Amino acid sequence: EPNHKYNVVFVLGGPGAGKGTQCLKIEETFGYVHLSAGDLLRAERQKMDSTFREEIEKHIKDGSIVPVEITCSLLRQAMEESNKDNFLIDGFPRNKDNLDGWNHVMDSVAVVRKVLFFNCPQDVCVGRCLERGKTSGREDDNMESLKKRIKTYTDSTMPIIEHYREKNLVAEINANQSTEEVFNDVKKVFEALAS
Ligand code: UP5
Ligand code: MG
């Protein structure tokens with residue numbers, strides 16, 4: 001039908017807040033398609049023919065934010081290819097450039113239903129990422145990159161969360177609990193969305 005739009009839930013929170021972990025559970029329970037912007041960028045970087053490879057590489061290591069044209073086109077492509085309607089977009093939009101770019105390209109085809117905000121103390125986030133860094137192979141799970149990721153999050157992403165809070169779209173979750181306890185709180189948000 002011509003007026004058909006994608007349903008989108010943005011999932012935000014600091015590095016290591018548990019976005020990816022919770023998205024897997026939401027996908028399983030509520031049938032949303034999980035799209036991690038970071039995972040899409042890391043996958044794109046692996047492609048030998050990607051024109052964006054070096055640029056992505058540099059941003060991930062520096063904890064800075066890849067230009068929205070790249071990220072948004074990866075998201076849009078994944079959405080179209082899935083043939084599904086309901087999406088969890090994990091780790092995006094991270095700054096004003098991301099937000100403006102999304103609105104420019106996606107406003108006519110997608111509706112943002114909710115913004116899940118996983119709120120987690122910095123020291124807990126750092127601890128989780130450093131622990132994961134022992135085995136993850138992620139080149140940004142080290143203290144040096146983490147400092148930059150946290151600064152980017154505080155300076156650039158928090159204002160986006162505030163932007164959506166003013167629109168009454170934010171569901172804030174205490175992410176400093178066990179995975180199961182966090183998911184219990186998450187479930188309530190999705191049950192309310194479905195009713
Ligand atoms: N863990 C999870 N939940 C736990 C809990 N409740 N209790 C105890 N442990 C818990 O979890 C992190 C670790 O903590 C795991 O080991 C997990 O088992 C444990 P995870 O679910 O992976 O957290 P998440 O919030 O997804 O952390 P992630 O590191 O992925 O967050 P970032 O936002 O930093 O990373 P992302 O992949 O989104 O982005 C990476 C980089 O890509 C960015 O820095 C940026 O350079 C680039 N990027 C863009 O430029 N644009 C974008 O739009 C997106 C990314
Ligand atoms: Mg993640």
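Which residues have the most contacts inside the largest nonpolar core? Hello everyone, let me start there. They are Phe10, Val11, Leu75, Phe87, Leu88 and Ile89, in a core of 42 residues. By nonpolar core I mean a set of buried Ala, Val, Leu, Ile, Met, Phe, Trp, Tyr and Cys residues joined through C-beta atoms within 7 Å. Buried means that 20 or more other C-beta atoms lie within 10 Å of the residue's own, exposed means 12 or fewer, and partly exposed is in between, with C-beta atoms placed from the backbone.

A word on what we are looking at. This is a predicted model, in which local features need pLDDT of at least 70 and side-chain atom pairs count only at pLDDT 80 or more, while totals for chains, interfaces and linings use all residues. Residues are numbered from 1 along each chain as its sequence is written, and chains are lettered from A and ligands numbered from 1 in the order in which they are written.

In soluble globular proteins, nonpolar side chains tend to be buried together. Take Leu88 here: setting aside residues up to four places away in sequence, Leu88 touches Val9, Val11, Cys23, Ile26, Glu27, Tyr32, Val33, His34 and Leu35. Touching, or being in contact, means that the two C-beta atoms, placed from the backbone, lie within 7 Å.

Now the strands. Helices (H or I, at least four residues) and strands (E, at least two) are DSSP runs, numbered from the N terminus. Two strands pair if DSSP finds at least two bridges between them. Strand S1 (6–13) runs parallel to strand S4 (residues 110–119), with eight bridges joining them; Val8, for one, has Val112 in S4 as its bridge partner. S4 also pairs with strand S5 (residues 170–174), again in the parallel sense, over five bridges. There, Phe117 is partnered with Glu172 of S5.

On to the ligand. Which residues come nearest to ligand 1? Of the 31 around it, the answer is Pro15, Gly18, Thr21, Gly38 and Gly91. Being near the ligand means having a C-beta atom, placed from the backbone, within 6 Å of it. Helices H1 (19–30), H2 (37–46), H3 (53–62), H6 (122–136) and H8 (179–194) each give two or more residues to this shell. By type, the shell divides into 10 nonpolar, 15 polar and six charged residues. For that tally, Ala, Val, Leu, Ile, Met, Phe, Trp, Tyr, Cys and Pro count as nonpolar, Asp, Glu, Lys and Arg as charged, and the others, Gly among them, as polar.

An unreviewed entry places the feature "binding site" at positions including Gly16, Gly18 and Gly20. UniProt positions are in the numbering used here, feature names are shortened, and annotations may be inferred rather than shown by experiment.

Let's walk along those glycines. Gly16 is found in the loop between S1 and H1, and counts as buried because 26 other C-beta atoms lie within 10 Å. Its contacts beyond four places in sequence are Cys125, Arg128 and Cys129. Gly16 and Asp141 are 125 residues apart in sequence, yet 9.4 Å apart in space, C-alpha to C-alpha.

Gly18 lies in the loop between S1 and H1. Gly18 is buried too, with 24 other C-beta atoms within 10 Å, and beyond its sequence neighbours within four places it contacts Phe118, Cys120, Ala175 and Val182.

And Gly20: buried or partly exposed? With 15 other C-beta atoms within 10 Å, Gly20 is partly exposed. Gly20 lies in helix H1 and, leaving aside neighbours within four places, is in contact with Ser36 and Asp90.

The "binding site" feature from the unreviewed UniProt entry also takes in Gly91 and Arg94, among others. Gly91 sits in the loop between strand S3 (86–90) and H5 and is buried, with 24 other C-beta atoms within 10 Å. Not counting residues up to four places away, Gly91 touches Lys19, Ser36, Ala37 and Gly38. Arg94 is in the loop between S3 and H5, and is buried with 21 other C-beta atoms within 10 Å.

Last stop, Asn98, which the unreviewed UniProt entry covers with "binding site". Asn98 is in helix H5 (residues 96–106) and is buried, since 22 other C-beta atoms lie within 10 Å. Aside from neighbours within four places in sequence, Asn98 contacts Ile65, Val68, Thr71, Phe92 and Pro93.
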